[in-house]
Amino acid sequence: MLVAHLNFVDWIVIGIYFAFVLGIGFYLKHHTKTGHDFFMAGRKNSSWLAGLAFLSANMGALELLGMSGQAYKYGVLTAHFYLIGAIPAMLFLAIFMMPFYYSNKIHSVPGYLQLRFNEHTRTLNAFAFAVMTLLVSGINLYAMALVLNAFLGWNMNVCMWASSLTVCLYISLGGLTSAIYSEVLQFFLIWFGLFLAFIMGIIDFGSWGAIKAHLSSSYFHLWSNTGHATSNPMLVDWFGIVMGLGFVLSFGYWTTDFLVVQRTFSARDLRSAQMSPVLASFFKMALPFMVVGAGLIALALVNTHQIEALKKPDDALLVLLIRYYPSGLLGLGVTALLAGFMSGQAGNISAFNTVFTYDLYRTHIAKNASDAHYVKVGRIMTIVGILVSVLTAYWAMSMPSIMEYMQALFSIVNAPLFAAILLGMFWKRANGIGAFCGLFCGMLVAASMFLLIKFNAISPAWVAFNPKASPMALAFWQAIWAWSTTLVLTILISLMTKKPDAKKLDGLVYHKNAIKKYKHLHWHKRPAVWAVISLIILVTLNIIYW
Amino acid sequence: MLVDEKHESPEHEPEQEHPISLLWFFIGLILLLYGIVIFTTGFMHYIDDQPFSTVLAKLQPDMLWGAVLFITGLLFCVINAIRHRCQKKRMSCLENKTPESAAQKCCCYSAEKK
């Protein structure tokens with residue numbers, strides 16, 4: 001069994017992290033007085049801070065372990081999640097969507113739906129997002145306890161409560177600023193704590209070429225074996241990757257999921273907000289070298305009989321930590337994972353308390369309360385959110401297959417939302433009733449497909465055109481169907497009902513002067529220039545690993 | 001007009017002091033501390049001549065990586081301490097409406113003006 005043993009020095013390293021995070025929470029309490037500070041981090045952050053927080057909100061430990069496991073199974077194909085599955089969407093958010101989000105001074109993504117469509121659409125999305133966020137937070141918590149129990153032999157109850165109480169304390173004290181702080185810290189800890197495993201792996205084999213020599217050449221292609229679903233281990237064809245992952249799921253997540261978008265709202269001006277996802281895109285493209293690389297090194301070690309075949313692919317990164325990290329460094333590796341888990345939970349909770357307070361509580365329960373009252377509600381909802389997360393984690397414990405619901409949740413909530421927001425921003429004719437019905441039906445279609453397949457009521461071929469479609473391929477196709485349903489229904493119903501008032505659309509819908517070009521600034525300060533550079537790197541990486 | 005000009009901070013607007021501006025300093029501090037702890041542990045193993053417990057331990061990854069952490073942390077701390085000091089100076093110059101000639105003495109302010 002894969003178990004690491006920590007000694008005194010490792011515990012000191014872990015203790016330093018907890019002391020820092022809690023200390024900063026108490027320090028930030030004195031600077032967090034208004035709702036603006038608590039929910040928006042004062043809107044004073046630089047593009048670097050907002051960008052690193054934006055990226056880190058998605059760079060949780062579960063994601064790192066899961067993706068290195070996917071690389072162990074599928075090879076370089078996994079890098080699609082970091083390339084076409086992220087970069088175009090991040091750049092689209094920065095250049096085309098951010099001016100609408102940021103300039104309208106909204107507090108949340110559902111807030112945009114209220115301005116553009118109506119209160120019902122906002123409430124539907126806010127409610128779905130709040131439920132999804134707490135479920136994801138709870139499942140992450142359970143996953144963390146599971147990993148730490150298996151890897152370090154720690155008690156699962158202690159893991160869940162200790163991390164939850166810490167997160168609860170520093171988020172209720174410092175709000176979004178605390179969450180951003182922990183995310184940026186996590187970014188550095190992950191790079192400094194885990195990248196060494198990749199370096200040591202290469203040194204162990206002698207070179208990257210030596211690792212490649214021990215693996216099948218099909219593990220090193222991004223596109224050449226995606227002509228047909230059966231010709232690659234992921235059982236997905238190029239259309240599923242481009243349309244499902246690259247368009248619907250990726251754009252749905254990176255442009256509308258408030259958990260990540262909230263970080264850009266904390267930037268000090270529009271240009272900084274636009275630069276945040278652009279800067280993050282460069283680091284996102286660097287991540288596969290660590291994550292996918294670790295999975296491939298683990299597989300090469302198995303193929304050369306230096307280690308036993310992994311029972312669970314997700315152990316790939318952990319195997320490298322145990323193999324290469326002496327005491328002290330092992331503590332740093334564990335701290336990086338802990339930081340990843342905890343800041344993931346913090347991100348979910350800070351997004352939840354904002355959406356609950358602004359989009360549900362202020363809208364339906366207390367419309368004209370004082371700012372201090374809303375901050376108090378935000379703090380209370382932080383505690384409530386944490387408690388619900390812990391309960392969800394215990395629920396997840398009793399249902400081992402619940403991890404599969406994670407991807408399904410994104411296709412149910414984010415894919416239809418992306419269609420509604422896309423039409424809202426780029427089509428003046430879209431109206432409130434069309435968006436509400438489209439959003440509702442899109443969510444219903446995705447949820448129905450997931451449940452019908454889960455309980456064998458329909459064949460996977462009905463959804464993914466392949467009876468042997470993998471859960472990942474099914475998630476891609478579910479998202480495509482949900483997005484298409486919302487798109488088509490919103491268009492049809494909007495055309496059949498009343499036109500929205502053109503005066504109310506000012507600043508909410510795209511027009512030819514909507515995108516700022518920053519011609520008065522030097523080229524290196526323009527978001528569009530860096531977005532183009534990022535795109536060039538993306539294309540180059542795809543060609544190199546074609 | 002879509003883009004709210006009130007949201008556009010001018011390029012030379014003085015930065016307000018905000019708790020998050022100290023974040024880089026704290027990140028440097030934690031890396032520095034980790035560097036010291038990990039390097040010291042590696043050094044103790046080295047002088048004690050203990051048997052290697054991990055693969056490639058003979059390369060002393062803890063001492064090397066500890067040094068990398070220490071140097072990076074130190075750089076973060078020093079650069080951000082200087083930046084913080086400059087920021088305070090600049091704010092003080094601007095708050096006191098220091099005349100242009102006197103302000104030239106304040107390196108940060110003059111750099112900003114250029």
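This is a predicted model: local features need pLDDT of at least 70, side-chain atom pairs count only at pLDDT 80 or more; totals for chains, interfaces and linings use all residues.
The description begins with chain B, where helix α1 covers residues 23-48 and helix α2 covers residues 61-95. The axes of α1(B) and α2(B) come within 7 Å and cross at roughly 155 degrees. Since angles over 145 degrees count as roughly antiparallel, α1(B) and α2(B) are therefore roughly antiparallel to each other. In this arrangement, the crossing by which α1(B) passes α2(B) is left-handed.

Chain B also carries a nonpolar surface patch of about 700 Å². Its members are Ile36(B), Phe70(B), Ile71(B), Leu74(B), Leu75(B), Val78(B), Ile79(B) and Ile82(B). Helix α2 of chain B gives the most to this patch, contributing seven residues. Ile36(B), by contrast, has its place in helix α1 of chain B. The relative accessible area of Ile36(B) is 41%, and this residue is therefore partly exposed, a class that lies between the limits of 20% and 50%.

The loop between α1 and α2 of chain B contains Leu56(B), which has a positive phi of about 65 degrees although it is not a glycine. Leu56(B) counts as buried because its relative accessibility is 14%, and buried means under 20%.

In chain A, His305(A) is likewise not a glycine, yet has a positive phi of about 60 degrees. His305(A) is found in the loop between α12 (270-303) and α13 (316-324) of chain A. With a relative accessibility of 71%, His305(A) counts as exposed, because the exposed class begins over 50%.

Methods: Residues are numbered from 1 along each chain as its sequence is written. Chains are lettered from A and ligands numbered from 1 in the order in which they are written. Side-chain values use heavy atoms; hydrogens and water are left out. Patches are made of residues with over 30% relative accessible area and no salt bridge: like charges are joined within 9 Å, nonpolar side chains (Val, Leu, Ile, Met, Phe, Trp, Tyr) within 5 Å. Accessible areas come from the Shrake-Rupley method with a 1.4 Å probe; for residues, only the protein chains shown count as cover. A salt bridge is a side-chain nitrogen of Lys or Arg within 4 Å of a carboxyl oxygen of Asp or Glu. Helices (H or I, at least four residues) and strands (E, at least two) are DSSP runs, numbered from the N terminus. Buried means under 20% relative accessible area, exposed over 50%, partly exposed in between (1.4 Å probe, protein chains only). Axes are lines fitted to C-alpha atoms, for helices over the stretch in contact, and angles run from 0 to 180 degrees between N-to-C directions. Angles under 35 degrees count as roughly parallel, over 145 as roughly antiparallel, 65 to 115 as roughly perpendicular and the rest as oblique. A crossing is left-handed if the near helix is turned anticlockwise from the far one by less than a right angle, and right-handed if clockwise.
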